[in-house]
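Take a look at the picture, then work through the topics below.

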Amino acid sequence: MTPTIPPHQLQLTPQGQLRHFLTTEGLSTELLTEILDTAESFVSVGKQAVKKVPLLRGKTVVNLFFEASTRTRTTFELAAKRLSADVLNINISTSATSKGESLMDMLWNLEAMDSDMFVVRHEASGAPHFIAEHVTPTVAVINAGDGRHAHPTQAMLDMYTIRRHKGDFRNLKVAIVGDVLHSRVARSQVHALRGLNVGEVRVIGPKTLIPTDFDTLGAKIYYDMVKGLKDVDVVIMLRLQKERMQSALLPSESEFYRLYGLTTEKLAFAKPDAIVMHPGPINRGVEIESAVADCSQSVILQQVNYGIAVRMAVLSMAMSGQTDMQNALEGGDA
Amino acid sequence: MDFSRPQFNQRIVIRNGRVIDPKQVLDQKADVYIADGVIASIGDAPVGFKPDLEFDANNMLVIPGAVDLCARVREPGQTQKGNIHTETHAAAAAGITHLCCPPDTNPVLDTRAVAALIQERAYQSGYAHVMPIGALTRGLEGEQLSEMHALREAGCIGVSQLRRPVKDSQVLMRCLEYASTFDLIVFFQSEDQSISPRGGMHAGPTATRLGLPGIPESAETIALSRDLLLVEQTGVQAHFGQISCARSVELIANAQALGLKVTADVAVHQLYLTDNMIDGFNSAYHVRPPARTEADRQALIDGVKSGVISMLCSDHQPHEAAAKAEPFPTTEAGISAFSHFLPLSYELVSQGVLSESEWVQRIAMNPAHLIGLDAGHLGVGSNANLCVFDPNMEWTLKKENVYSQGKNTPFLGRTMPGRVELTLRDGTISFRRG
Amino acid sequence: MIMPEVAPLLDSMASDITKTVYPKHNKRPAMVGIHTGGAWLAKELHASLGLKQPLGLMDISFYRDDFQGKGLHPQVQPSNLPFNVEGQHIILVDDVIMSGRTIRAALNELFDYGRPACVSLVALVDLPRRELPIQPDVWGIRMDLEPQQRIKLSGPEPLTLTLIESNA
């Protein structure tokens, strides 16, 4: 049969370094920890007077966003610029590509511009993997979110947040609440948590929003939020999109809020020092009570902060891995 | 690619082959004599027979040419993917002498003109017969009856709505009643579109992990159940094509036990692919219906063995490279299937699932019988539509040896256990290796 | 080969600084130590010289020129220069100067903060294996080692020089 290299293998060099960042699935504990440690060093850079470091000086990073997203794109842009890279922003709505230029043609045009790295967000699962398979092998591909498949940088900044506030993953119970079915963030989080040997990871939501075989990814499924939050150390709330009410997945925001919204009362079932997270943007009164979003247990704002450092870590590690591979191929020695 | 005109009316003798014709209950080593386009004799030479060509089929099988119930030739209207000339040539190279093309051409196969065009073009190329399947509804839009009688007169061997939706049960019921008025076979490809998202794969752990849209088996079984109930009510002759799951096999078996005029086929690739093979988002595995679980695959094989599924088809769907060079969900579904049709269906024989005779029934005799074709057998005096297949010749499928214009197959790089060496269509050589 | 004691070297270096470096300045300099060994030494020198400006510390990991080959060192300390670099007289302190590349990286990082009036270089050990045209203004000891030998400063208490034989 025609062999294909799945994303979790394609993203690694033969030595096990990152050369793309496509998914948190299949990454070793060592590598996941290295990403977090490297992010740590960039957090301190962010506190300095001079926030720039020359690691990607002379490199061109192209933001290829097929799905609009100001938040994610600007954090990637900021991360790349803090690494002294040159940044190109290309916003393509999918309708533009359907007007004639295929994805392959667009890639060839971009390659001709000597880019070193693509940061890709696309509504089709597997698009960054496709791009990584088809571009020049020296170009590093960073997945900024593909369909429902993965959002690995978001998951890593969530892991960084958890480690920063809670320490050792092995003792932790983590609950992910909400629209797991459509969530690439949830999938990446579960893979990363398992890779970091978390004590237990749970997903909580109604049956319409949780695939029945989600437990095959290593998470326990709860339909009852009170039971699901019992003794949990970390609560991650997922964003609920308005469209879900239109596609017969949920009857109304208010029923969802009553059953699965994180209120002060429900939070009390978790551990008293549990932290509250959310990948953002938050819908106050839909998945999370305003008071909870603003309470002392909430680390939502810090997550945004850590996002830049984590992305700086991933960009520089992937660039480093690609360069190593190139040197090895050319017979050069570090 | 060989586009030369095949020669007519040669006297041909195929020597030393193992001749298998289930219709005559024949399975023995014998010489086959062809003259004037028909099988003149099996065994002894006809009096005064002087062959123009002698073909040594020692250690090979001589079987009726395959009758493929579902193969797209992409003409009219989709010639970037293939055309009747290239695809019937590929069919001949695959040991196929007759193929049925579905009505989703452009324009749709709902007029005599399109049906005539296709058959005319096939005749001109001369490689294989193309029997059109007409549209069940006008434009395949699922709302109005098509001119089914006219289509039958124009050569359509049946009608189909393919995987397109029908407005409601009432329209479907009336279509089936109308079709049964003229003893037309209705070809079903049961699918409930509302739960069959585009660009999806079987709804299971792999789909969840890859974040790809999931197509549950109920997408097929819901539609299949409804279709069977209407078949029962209207008494129409029904053939269910390319089924994909164990539950569907059960439903078909139950219907047959009730005495309904129901037959079924499965695409050969469905017996080899499962959902977990899509691990790397490989669009070569993007097919519709989707490849399902290992249990489904086994149940389909059992169904083929028991005869509930009495026919095998190729479901040949050639595509241009661009149609598959996209992220999985935006690619077009379908495999260029002629190349593996005979070798991989023959592999069922080596696996002990079928005997050689049963294999020939599934790919030739039964399909021919279903559509009322005088083919799929080697009766003396009938048109010589046959193929010589060497079961000992192993070869590797590569882009260079795919005859179809479409190279989209997940079986590239796979060893094929057996190869077509010679194909005759109505007594003329439509394909010869070497 | 016996390694010298660090303390007496630090004394002579402090003395050399006042004799050779101070005259270049029209005001008291600021000191910057390069992590990790240079930082330890700079703390000692800063105290013994009684410098008024707070001590600056720099981690040059992100400015190394072998980043592409060796990858990132994840245990990076934050750089902290608690004074205005613009127009400042700076004494840069490192433990061992060998190829000169660390100093090159340190200068690059320093200049990202501003334009110093001048920079003087102080090193505990000078191993003359330069790959760049960079020399210390003050050094504790100059050593000639075999190609496979290296020197390492351990600390922070006590500060000790060790000879390392590498098999590479």
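Y160(A) is buried, with a relative accessible area of 1%. Please keep in mind that this is a predicted model.

**Aromatic pair in chain A**

- Searching the whole structure over all chains gives ten aromatic pairs.
- One of them joins Y160(A) and Y306(A) edge-to-face, with 4.9 Å centre to centre and 65° between the planes.
- Y160(A) belongs to helix α7 (residues 152-166) of chain A and Y306(A) to helix α14 (residues 300-329) of chain A, so the pair ties together parts that are 146 residues apart in sequence.
- Y306(A) counts as buried too, at 8% relative accessibility.

**Around W359(B)**

- Y346(B) and W359(B) have ring centres 5.0 Å apart and planes at 70°, so this pair is edge-to-face.
- Because Y346(B) lies in helix α10 (residues 338-350) of chain B and W359(B) in helix α11 (residues 356-370) of chain B, the pair ties together parts that are 13 residues apart in sequence.
- Both Y346(B) and W359(B) are buried, and together with F389(B) they make up one aromatic cluster.
- Leaving aside neighbours within four places in sequence, W359(B) has contacts that include L61(B), I63(B), L342(B), V349(B) and L354(B).

**Nonpolar cores**

- The largest nonpolar core has 99 residues, and F240(B), L342(B) and W359(B) have the most contacts inside it.
- Helix α10(B) supplies the largest share of this core, seven residues.
- Apart from this core lies another, of 88 residues, among them F76(A), A80(A), V76(C) and V85(C).

**A sheet in chain A**

- Four strands form an open sheet in chain A, in the order β2-β1-β3-β4 and with parallel pairing.
- β2 (86-91) and β4 (140-146) of chain A stand at the edges with a single partner strand each, so one side of each is left without a neighbour in the sheet.
- Neighbouring strands of this sheet are turned by 15° against each other on average, direction ignored.
- Strand β1 (residues 60-65) of chain A runs parallel to β2(A) and is joined to β2(A) by six bridges; V61(A) stands opposite V87(A) in β2(A).
- Helix α3 (residues 70-82) of chain A packs on the sheet, touching β1, β2, β3 (117-122) and β4 of chain A, and its direction makes about 175° with that of β1(A).
- α14(A) also packs on the sheet, touching β3 and β4 of chain A, with its direction at about 145° to that of β4(A).

**A charge over a ring in chain C**

- R142(C) has its charged end over the ring of W139(C), 4.5 Å from the ring centre.

Technical notes
Residues numbered from 1 in each chain as written. Chains lettered and ligands numbered in written order. Predicted model: local features only at pLDDT ≥ 70, side-chain atom pairs only at ≥ 80, totals over all residues. Heavy atoms only, no water. Phe/Tyr/Trp six-rings, centres within 6.5 Å; stacked < 30°, edge-to-face > 60°. Helix = DSSP H or I, 4+ residues; strand = E, 2+ residues; numbered from the N terminus. Buried < 20%, exposed > 50% of the residue type's maximum accessible area, 1.4 Å probe, protein only. Lys NZ or Arg CZ within 6 Å of the ring centre and 35° of its normal. Core = buried A, V, L, I, M, F, W, Y, C linked by side-chain atoms within 4.5 Å. Contact = heavy atoms within 4.5 Å. Pairing = 2+ DSSP bridges. Axes fitted to C-alpha atoms, helices over the stretch in contact; angles between N-to-C directions.
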